[in-house]
Amino acid sequence: VHEPACGADAPSLRPSLGVVQGIGVALSMVVGSGLLILPGIGVGLVGAAAIHAWWINALLTLPLLLLFAKLGARYPTAGGVAGFAEAAFGYRAGRATEALLIGACLPGAAAIGLSGGSYIAAFFGLPPSAETWVGLAVLAVATLVNLGGAQIAGSVQSLMTFGLIALLGVLAAVALAGPQVDIAAGLTAASPLAALPALGALFFAFTGWELFCSTAEEFRQPRRDFPLALAGAFLAMLVLYVGIALAVQLRLDPRSHPRRCASRSPM
């Protein structure tokens, strides 16, 4: 791989991130509203084997993160994955990668809006027919927030993400702390092979790392701190995901409404 020409003439971003701040930024990009319903979808698909799908997906993601860590440390630019592609294969490859990333984000935003709409409609007791309209309203609000500028959008995103992480973390801890909860039994109730049908549905929770690569230029010492921040965020995410998934699995009886869990949005 030759040295990158991408971003050579572009204005540099102000380096301001350390390891701790980088972990926070990474978590805000990876952990999202999908975590509200994906554990239930996993249980609906494969029952007690769902917990295995989370750590298997983490293992599948790990080689990609090792690659991102090495490239981000070596080429600390705001180009991210597209910048890596441009450095290795030229300008056209970089633009093609950008197009792929944008194309992947568009349907994801729609699914997030619909997921949020379903929760808001359920909270206010609205009929299922209102979920789509509420979801469109969520997308409209998100668009207005982003039009307000990067600083406002970033602050709102960080506030909502860390509020969600804190809430889910507390709920998982409370659920797993019950005296009637047998964590060991939940981990060994089914074979990991039985979790394979749920891998694709739950893998969405492990996306977002490609966006984090675009922050490499903002690290004060990217060669050291970018890989450390990525590793710290991955470990924190894994603990959060497994904890929440196990809490849902142990508290939710899949026999009561298995199809309802599986029929939700793939977010």
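Which residues in H3 meet which residues in H11? The first legend answers this.

The model is predicted; local features need pLDDT of at least 70, side-chain atom pairs count only at pLDDT 80 or more, and totals for chains, interfaces and linings use all residues. Residues are numbered from 1 along each chain as its sequence is written, and side-chain values use heavy atoms, with hydrogens and water left out.

**View A. Contact of helices H3 and H11.**
Helices (H or I, at least four residues) and strands (E, at least two) are DSSP runs, numbered from the N terminus. On the side of H3, the residues that meet H11 are Ala-50, Ile-51, Trp-54, Ala-58, Leu-62, Leu-65, Phe-68, Ala-69, Gly-72, Ala-73 and Arg-74. On the side of H11, they are Pro-222, Arg-223, Phe-226, Pro-227, Leu-230, Phe-234, Leu-238, Tyr-241, Val-242, Ala-245, Leu-246 and Gln-249. Contact means heavy atoms within 4.5 Å. The residues of this contact divide into 19 nonpolar, two polar and two charged. Here Ala, Val, Leu, Ile, Met, Phe, Trp, Tyr, Cys and Pro count as nonpolar, Asp, Glu, Lys and Arg as charged, and the others, Gly among them, as polar.

**View B. Axes of helices H3 and H11.**
The axes of H3 (residues 50–74) and H11 come within 10 Å and cross at roughly 170 degrees. H3 is therefore roughly antiparallel to H11. Angles under 35 degrees count as roughly parallel, over 145 as roughly antiparallel, 65 to 115 as roughly perpendicular and the rest as oblique. Axes are lines fitted to C-alpha atoms, for helices over the stretch in contact, and angles run from 0 to 180 degrees between N-to-C directions.

Eight of the ten residues of H4 (residues 80–89) are buried. Among them are Val-81, Phe-84 and Glu-86. Buried means under 20% relative accessible area, exposed over 50%, partly exposed in between (1.4 Å probe, protein chains only). Gly-90 follows H4 and has a positive phi, near 105 degrees.

**View D. Salt bridges.**
The structure holds three salt bridges, each a side-chain nitrogen of Lys or Arg within 4 Å of a carboxyl oxygen of Asp or Glu. Arg-224 and Asp-225 form one of these, at 2.6 Å from N to O. Salt bridges that share partners join Glu-86, Arg-95 and Glu-98 into one network. Glu-86 counts as buried because its relative accessibility is 14%; Arg-95, at 27%, counts as partly exposed. Arg-95 and Glu-98 are three residues apart in helix H5 (residues 91–123), so they are separated by about one helical turn.

**View E. Aromatic pairs.**
Rings of Phe, Tyr and Trp (its six-membered ring) pair if their centres lie within 6.5 Å; planes under 30 degrees apart count as stacked, over 60 as edge-to-face and the rest as tilted. The count comes to nine aromatic pairs. Trp-209 and Phe-234 form a tilted pair, 6.5 Å centre to centre with 55 degrees between the planes. Trp-209 lies in helix H10 (residues 209–212) and Phe-234 in helix H11 (residues 222–251), so the pair ties together parts that are 25 residues apart in sequence. Both Trp-209 and Phe-234 are buried. Phe-212 and Phe-219 form an edge-to-face pair, at 6.1 Å and 90 degrees. Trp-54, Phe-203, Phe-206 and Tyr-241 form one aromatic cluster.
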